[in-house]
Amino acid sequence: MDANNPTLLTAGTQEHDLTRLDEYRAVGGYEALEQARALEPQAVMDEISAATLRGRGGAGFPMGRKASLLAKDTGKPTYLVINADESEPGAFKDRDVLRMTPHRLIEGCLITAHGIRSASVFIYIRGEYAHEFDVMSDALEDARTAGLLGGVTIVLHRGAGAYICGEETALLESLEGNRGQPRPRPPFPPVNGLYGAPTQINNVSTIALVPKIIELGAAEFSKIGVPSAPGTAVFSLSGNVAQPGNYERPLGTTLRELIYDVAGGIAGGRELKAVIPGGSSVPVLTPAEIDTPMDYDSIQAAGSFFGSAAIVVVDDRCCMVQLALRAEQFYMHESCGKCTPCRVGTRWLVQILSKLEDGRGERTDLDLLDQVCDRMLGKSLCALGDFAVYPVASYLEKYRAEFEAHIDGHGCPFGGESSIEGIFAPIDQHAHPPPVAQAHA
Amino acid sequence: MSTPQSFEQIQELRHKYPQSRSAVMDALRLAQAEHGSWLPPEALREVADALEVTPAYCHSIASFYDMYHLEPVGKHMVEVCTNLSCALVGAQAVLDAFAHELGVRPGETTDDGEVTLRAIECAGGCGRAPVVVVDHVYHEPLRPEDVPGLLEELRGRE
């Protein structure tokens, strides 16, 4: 392993076709499973806890602590559910795990299943990932034929196109055959999850790291990354960078290094304008803030979130009102409709932003944006209601002059030259476009 | 009544899960494939029969998820991602090129029933944007100049 550039999730993918069981075994695959099965379940979980493996899906909750919350002696089965419903705008890391290292995920599932004494695993794969589903199906069949499952059932479940199903309780609802709408908490899934039974839910990239933790040991794993968040993450760089793509780097690598050294800087020699560090749902950072290390605590101290490490880079040709509008159209489309602040608030934000972009905005509209954001934040059952607020509230806070210019100049200051000018959103395909918002006098 | 084949297949799907209602998504996907890529009322009735739920329940599921179609669609489906990462690198020009070549607006199907054009939300190909998904196969990146050739190839398919 290259000490300067350690790879865990992507180890061996350069030299081998790790979708094949024999090639995965050639790089030591499934040895960690054998090692783990020789240990008491609690010893496996202790190793994961000692490694401080934090969830790579968004919230960064330590996996070992999550497992410690699982209800015991309930008389019900304990389920392990893998969230492969990757659909955060800007995120594409889990897709590579599914299609390039399916056995690493399966091995991680089997080790974790042993650790939490579960015999039943469900992998919820987003519906659009048809090729990835096929790769996983083939890999699972190979693992089964090779006798690796050891009595554990792994079911691959396909989604059907709903961002909300990446939210863990919506995912459970969907898996049970219902509309994907979040549940109130408590009870939390470790107590009352799938089919009312104790359920451990983890992201694909979290579980796919488990074999490496067993292989290296927690002490060795913890030498990578930062103390509060050991290990690597796959950073997904997209937007206006010269070399977009997935790059595995230690946690704590700064945004500047990721954008300029790893992804080749801003494409076409343009100027950096904004960075969305964790997928479209997190607050934006300005060029002055890119020396922030990309780990959960540092990025939160800078006022944003690590999210899914999906770094969307925006250059100086982009109008921030248009960007906010396009982001908000997404949340309006994806709001499941269960909670009023989210269902109605996303629509209000779209209407107000459209009015600003069309040159019909007034100064009071900026206050209205703030008020609507305030009335949405923290007021819905799940985080989508908050995710819908962060882009608008943070763009408005950090690029306020640009919002004001839309009002004062009665239109977009980019005069039709913004890089995302005229971008069409799927909600516009609906037969009944929303009426124009009117600000209260 | 279900066709015997899909009825049997849905019974198998039910056994994948501790509770058979979990099979509704797979069952709807299967029914949609059998009914020309959309779910007419009889398809919902067939799924309902096979799973022992009501057609209204099946409708409530089908109407929630973007990948089920409750109205007829073309023989081929062209989906253009227009979310942030794709938008920043020219997705609009790709969508415009398809609309121009096909003579339809996003959300519409060509008069000959061959192709439906849709804009979609993030497909998870942001590192190879702009992303276009044709009949569930990703084309990434796809540029406006690639559009005429792709459509010609598509129309030549059975």
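## A four-stranded sheet in chain A

Two strands count as a pair if DSSP finds at least two bridges between them. With that in mind, have a look at chain A of this predicted model: four of its strands make an open sheet, in the order β8-β7-β10-β9, and the pairing is mixed. Strands β8 and β9 (272-276) of chain A sit at the edges with a single partner strand each, so one side of each has no neighbour in the sheet. Going from one strand to the next, the twist averages 30°.

Now zoom in on one pair. β7(A) and β10(A) run parallel and are joined by four bridges.

## A covered strand

Next up is strand β4 (residues 199-203) of chain A. How many of its five residues are buried? Five of the five are, so to speak, tucked in: the strand is mostly covered. In a regular strand, side chains alternate between the two faces of the sheet. Here, A:Thr199, A:Ile201 and A:Asn203 point one way from β4(A), while A:Gln200 and A:Asn202 point the other way, and all are buried.

β4(A) has a parallel partner too: five bridges join it to strand β1 (residues 79-84) of chain A. One to look for is A:Leu80, which has A:Gln200 as its bridge partner in β4(A).

## Where the chains meet

Chain A puts 48 residues into the contact, and chain B puts in 42 residues. On the chain A side, the elements giving two or more residues are β3 (153-158), β7 (232-239), β8 (245-250), β10 (310-315) and α14 (320-334). Which of them gives the most? That's α14(A), with six residues. Sorted by class, the side of chain A that touches chain B has 23 nonpolar, 17 polar and eight charged residues.

## The nonpolar core

The largest nonpolar core has 195 residues, and B:Ala27, B:Leu28 and B:Val47 touch the most other members. Helix α14(A) turns up again here, giving the most to this core with nine residues.

Let's pick out B:Leu28. Setting aside neighbours within four places in sequence, B:Leu28 is in contact with B:Leu39, B:Val47, B:Cys58, B:Ile61, B:Ala62 and B:Tyr68.

How values were computed: Residues numbered from 1 in each chain as written. Chains lettered and ligands numbered in written order. Predicted model: local features only at pLDDT ≥ 70, side-chain atom pairs only at ≥ 80, totals over all residues. Contact = placed C-beta atoms within 7 Å. Nonpolar A, V, L, I, M, F, W, Y, C, P; charged D, E, K, R; others polar. Axes fitted to C-alpha atoms, helices over the stretch in contact; angles between N-to-C directions. Core = buried A, V, L, I, M, F, W, Y, C linked by C-beta atoms within 7 Å. Buried ≥ 20, exposed ≤ 12 C-beta atoms within 10 Å, placed from the backbone.
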